[in-house]
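The sequence and the model are shown first.

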Amino acid sequence: MQVYVCRFSLDILYLRMGKIITVAHQKGGVGKSTLAMNLAVCFQDQLSVALVDTDLQGSIVDLQEHLPGLTVMQEDNFESIKAAKQDLVIIDTPPYLSNRLPELFLISDYVLIPTKAGFFDVMAIRSTLALVKQAQAKYPRLKAGIVLNMIKPRSGVTQEVLNLLQSFDTPVLQTMVHDRVSFTRSPITGGVLAGADIKAKEEITGLAEEIVESISE
Ligand SMILES: Nc1ncnc2c1ncn2[C@@H]1O[C@H](COP(=O)(O)OP(=O)(O)O)[C@@H](O)[C@H]1O
Ligand SMILES: [Mg+2]
């Protein structure tokens with residue numbers, strides 16, 4: 001089996017300082033857990049990483065058996081999360097607008113907001129973006145980015161959606177994640193980096209690199 005290494009062109013050592021990446025969007029089904037898990041596997045190559053689900057009803061801990069080497073925890077105590085002795089913590093959040101998100105954003109270094117590429121899907125991220133903005137007003141070092149996920153290979157992203165995204169203050173990442181079977185299966189295959197889908201690997205690596213770049217700025 002070909003081993004694919006998540007190589008970063010940037011100095012990833014900067015992340016070895018207990019950085020926290022939070023994946024958030026109040027809607028379910030947009031790929032928060034899928035991207036959180038795949039990013040954790042990607043960074044795990046060079047850092048010690050904890051994947052944390054703040055939703056105590058969530059199912060991320062069930063993934064532990066498929067993710068050797070990764071610390072997977074269900075934890076909604078932010079002090080315990082901050083105290084986790086890991087280079088990097090990736091936090092997955094519940095599929096509703098939790099009243100604890102503002103507090104969570106204030107302990108984060110980066111908030112990743114995944115969305116599908118439909119017009120109404122993109123409209124729906126505005127309440128999460130508003131919370132990010134409020135947090136950034138208090139904590140200007142907080143970075144954030146929107147990632148388009150589950151893009152249909154044939155239809156792509158329409159101009160209206162691109163215009164709408166550009167009207168937001170939060171940047172849209174260049175990396176777009178497409179609808180791929182390898183992502184659907186990734187929770188039980190140990191992440192797309194462990195599989196053979198080169199395009200999926202490039203997307204996750206590209207996403208990870210853009211996040212590192214933004215946090216390091
Ligand atoms: N890029 C993708 N390609 C294909 N399927 C995806 C992709 N991202 C997520 N999915 C699938 O979409 C569904 C919802 O994803 P999930 O990560 O559970 O979303 P959330 O955590 O936001 O509720 C799952 O069945 C997942 O496998
Ligand atoms: Mg989820």
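The model is a predicted one. A36 is located in helix 1. Apart from neighbours within four places in sequence, the contacts of A36 are V23, L51, I90 and D92. T170 is 134 residues away from A36 in sequence, and the two C-alpha atoms are 19 Å apart in space.

Helix 1 as a whole is mostly covered, with 13 of its 13 residues buried. Its end C-alpha atoms are 18 Å apart, which agrees with the 18 Å that 13 residues should span at 1.5 Å a residue. Helix 1 lies across strand 1, strand 2 (49-53), strand 4 (88-92) and strand 5. Relative to strand 4, helix 1 runs at about 170 degrees.

The sheet under discussion is open and is formed by 6 strands in the order 3-2-4-1-5-6, with parallel pairing. At its edges are strand 3 (71-74) and strand 6 (143-148), each of which pairs on one side only. On average, neighbouring strands of this sheet are turned by 20 degrees against each other, direction ignored. In general, strands of a sheet pair through backbone hydrogen bonds, in either a parallel or an antiparallel manner.

| Strand pair | Sense | Bridges | Residue pair |
|---|---|---|---|
| Strand 1 and strand 5 | parallel | 3 | V23 and L112 |
| Strand 1 and strand 4 | parallel | 5 | T22 and I91 |
| Strand 2 and strand 4 | parallel | 5 | V52 and I91 |

Strand 4 is largely enclosed by the rest of the structure, because 5 of its 5 residues are buried. Both of its faces are covered: L88, I90 and D92 are buried on one side, and V89 and I91 are buried on the other. Two residues of the former face, I90 and D92, are among the contacts of A36.

Strand 5 (residues 110-115) contains T115. T115 also counts as buried, because 23 C-beta neighbours lie inside 10 Å. The chain separation between T115 and V30 is 85 residues, yet their C-alpha atoms are separated by 5.5 Å. V30 is also in the contact list of T115, which leaves aside neighbours within four places in sequence.

Helix 1 returns in the description of the ligand. Around ligand 1 there are 15 residues, of which G31, K32, S33, T34 and F183 come nearest. By class, this shell has 5 nonpolar, 7 polar and 3 charged residues. Helix 1 (32-44) and helix 7 (181-189) each supply at least two residues of the shell. Which helix gives the most to the shell around ligand 1? Helix 1 does, with 3 residues.

Conventions. Residues are numbered from 1 along each chain as its sequence is written. Chains are lettered from A and ligands numbered from 1 in the order in which they are written. This is a predicted model: local features need pLDDT of at least 70, side-chain atom pairs count only at pLDDT 80 or more; totals for chains, interfaces and linings use all residues. A residue is near a molecule or strand if its C-beta atom, placed from the backbone, lies within 6 Å of it. Helices (H or I, at least four residues) and strands (E, at least two) are DSSP runs, numbered from the N terminus. Ala, Val, Leu, Ile, Met, Phe, Trp, Tyr, Cys and Pro count as nonpolar, Asp, Glu, Lys and Arg as charged, and the others, Gly among them, as polar. A residue is buried if 20 or more other C-beta atoms lie within 10 Å of its own, exposed if 12 or fewer, and partly exposed in between; C-beta atoms are placed from the backbone. Two residues are in contact if their C-beta atoms, placed from the backbone, lie within 7 Å. Two strands pair if DSSP finds at least two bridges between them. Axes are lines fitted to C-alpha atoms, for helices over the stretch in contact, and angles run from 0 to 180 degrees between N-to-C directions. The expected span of a helix is 1.5 Å times one less than its number of residues.
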